[in-house]
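I opened my notebook to record what I looked up, beginning with a helix and ending with a loop.

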Amino acid sequence: MKHRWSWLLISIVSISVFLLISSTETKLTQAAKADHPPKGNVVPGIEVFLEKHLDWVKNKRVGLITNPTGINRQLESDINLLYQNNDVHLTALFGPEHGIRGDREAGEYVESYIDEETGLPVYSLYGPTWKPTEEMVEDVDVLLFDIQDIGSNVYTYIYTLGFAMEAAAEYDKELIVLDRPNAIGGDRVEGPVRDADSVSFMGRFLLPVRHGMTVGELATMWNHEYGLGIDLKVAKMKGWKRTMHYEDTGLPWIQPSPNIPTPTSADLYAGTELVEDTNLTTGLGTTKPFELLGAPWLNAEDFVDELRNRDIPGVRFRSAYFTPQFSKYKGELVAGVQVHVDDPQAINLVALGLHLVDAMRDQNPGKFTIDTSYNQLIGDANVREMILQNQPVDKIIEGWQDELEYWKDNVRNKYLLYPPYPNQTPPYKKQSVLGILPLDIEVAPGEKINLTVHGVDENGEDLDIAQNEVDWQIEGDIGRVENGVFIPTEQGEGTLIATYNGISVERNVTVDTNIIKNIRYGVHGDFTRTVFDLNKNTQYDIEKENRRLILHVPHAENGGELEESGEITISNSPVISKIEYQFQEGEFKADLYLKEESVIHETPYFSNRIVIDVMH
């Protein structure tokens with residue numbers, strides 16, 4: 001009996017303790033949930049499309065632009081989902097930087113090939129061309145885009161989207177975006193709006209460093225703001241809110257590129273990438289790219305102390321030592337810092353990146369270097385000079401803030417598709433949109449350009465536009481439009497405005513002589529690249545004749561760095577032996593002498609350059 005009462009007492013005490021612990025755990029769990037709301041159940045655009053919008057591609061040939069991030073919540077690939085769907089006629093695949101399978105390093109040339117699983121052609125949009133060519137889309141009626149972006153204006157996938165939209169405008173194709181989250185949220189916008197003089201791969205698409213938009217929102221904005229006028233549809237996500245970072249979506253994480261292995265690296269990329277083009281490594285070649293940063297000559301402890309003293313919100317720092325296996329400082333012991341994310345919502349990423357650069361410069365100004373290419377990285381030519389002058393980070397940011405706020409309020413916010421909407425801005429409502437062809441109107445005096453206006457209504461139906469009823473206006477005393485033809489009369493810059501049935505569209509115009517500034521070349525693994533630097537984009541033609549590629553640029557003058565005629569020897573190329581060039585009677589001609597009779601050449605688009613790639 002004594003033992004029975006002992007056991008009863010022990011049981012009562014145990015139950016009481018258990019209930020107390022359970023109650024405490026419940027309260028703690030509830031408190032934790034209040035601080036950290038449960039992860040969402042976001043449905044990506046591919047699933048919404050397959051469930052609700054297959055009628056968009058009924059009886060149409062479909063080309064898919066994707067990479068490994070194009071999956072549903074069950075990790076099934078878009079390629080398989082669409083190829084195996086009887087209601088989808090998939091005819092072509094298109095791959096961005098890193099390839100359709102994501103197995104190529106940053107900047108690596110990607111070729112086109114036949115996909116073994118489907119037998120479909122896979123066209124590279126990060127090889128000889130960034131824009132789908134007319135031949136690539138010959139068997140395509142509608143392009144589908146599904147790639148996970150990470151919210152930075154130097155991440156190339158969004159520009160692959162932009163170039164696909166340009167091809168859709170030029171070759172009369174439809175485009176559908178299967179939308180995905182902005183991995184770093186959609187409520188913060190940071191950094192300078194990119195200057196037109198600091199573009200390369202970005203083409204005409206000028207964004208701040210952190211744009212705070214989804215790919216569907218970007219496409220909607222570009223269709224209007226750049227006068228593309230295409231039939232664009234967006235398969236919107238279900239359940240996504242602007243305040244969500246990727247960790248909040250409930251979606252599986254697939255690394256969008258080899259050096260963005262985790263959501264944390266995505267959270268930091270738009271900021272820590274801003275130490276690129278200095279002599280500080282971003283941690284490429286380690287297991288923590290864009291989290292580990294440093295240089296062999298840094299004092300890690302002093303560096304960390306300086307960063308901690310700056311009280312940068314949302315992150316903490318610890319000293320770190322690492323040896324990159326590739327990229328900058330390969331095989332060298334690097335001293336530096338690891339950035340730890342405490343609160344991704346609180347981080348001003350652009351300020352973080354600039355503080356890292358500034359703190360490094362302060363630690364050892366004599367060893368600090370920053371390349372002129374930093375202008376292209378951050379998009380504002382003033383920033384590099386201000387860093388070298390040791391201007392405070394707050395003052396650097398202040399220099400672009402007014403322009404950024406204007407862009408947010410008067411451009412970006414008009415095209416948002418998901419809540420919460422800033423400043424009571426209403427969500428984008430489908431509307432008619434016009435486009436002007438050609439997309440680039442940069443002419444020399446004496447040239448004439450035929451203009452065409454096209455567009456779609458709010459339902460995506462083609463507008464039946466009578467070209468002779470388009471009302472043309474020109475801002476700037478640069479020329480006139482007669483019967484749909486632009487005739488330049490004076491050098492300068494201006495704007496063409498086309499109006500039809502109360503809808504208007506604008507196109508910037510440059511009238512200037514073509515100035516050839518420089519000729520340079522590079523021999524790469526798969527091709528030899530010849531570059532002719534100009535003052536603007538221009539019309540040109542290339543013909544092949546007797547083992548030569550002959551480039552003609554009309555209305556061209558010498559920029560002063562070249563002789564009036566000359567010869568450039570290319571000794572280390574397997575396909576080109578030399579370049580002969582001459583300026584004569586207002587034109588420029590260059591002959592590329594080939595070592596083989598049968599070669600393939602491509603002309604990838606770069607702003608203000610003519611680029612000729614001769615394949616090895």
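Which residue caps the N-terminal end of helix 7? I kept in mind that I was reading a predicted model, and I found that N299 does so, with a side-chain oxygen placed 3.2 Å from the backbone nitrogen of E301.

I then went along helix 7, which runs through residues 300-309, and listed A300, F303, V304 and L307 as its buried residues. These residues lie on the same side of helix 7, because they cover an arc of only 95° around the axis. Past the helix I stopped at D311, which follows helix 7 and has a positive phi, near 55°.

Next I checked the record. UniProt, in an unreviewed entry, places the feature "domain: Peptidoglycan beta-N-acetylmuramidase NamZ C-terminal" at residues 268-418. For residues 268-418 I wrote down that the end C-alpha atoms lie 23 Å apart, and that the span is 40% helix and 13% strand.

My last entry is about a glycine, G525, which I located in the loop between strand 20 (514-523) and strand 21 (527-534). Is G525 buried or exposed? I counted G525 as exposed, because its relative accessible area is 71%, and exposed here means over 50%. I also compared its position with that of S573: G525 and S573 are 48 residues apart in sequence, while their C-alpha atoms are 9.9 Å apart in space.

Conventions: Residues are numbered from 1 along each chain as its sequence is written. This is a predicted model: local features need pLDDT of at least 70, side-chain atom pairs count only at pLDDT 80 or more; totals for chains, interfaces and linings use all residues. Side-chain values use heavy atoms; hydrogens and water are left out. Buried means under 20% relative accessible area, exposed over 50%, partly exposed in between (1.4 Å probe, protein chains only). Helices (H or I, at least four residues) and strands (E, at least two) are DSSP runs, numbered from the N terminus. The arc is that of the directions from the helix axis to the C-beta atoms. A polar contact is a pair of N or O atoms within 3.5 Å; within protein, one must be able to donate a hydrogen and the other to accept it, and residues adjacent in sequence count only if both atoms are side-chain atoms. UniProt positions are given in the numbering used here, feature names are shortened, and annotations may be inferred rather than shown by experiment.
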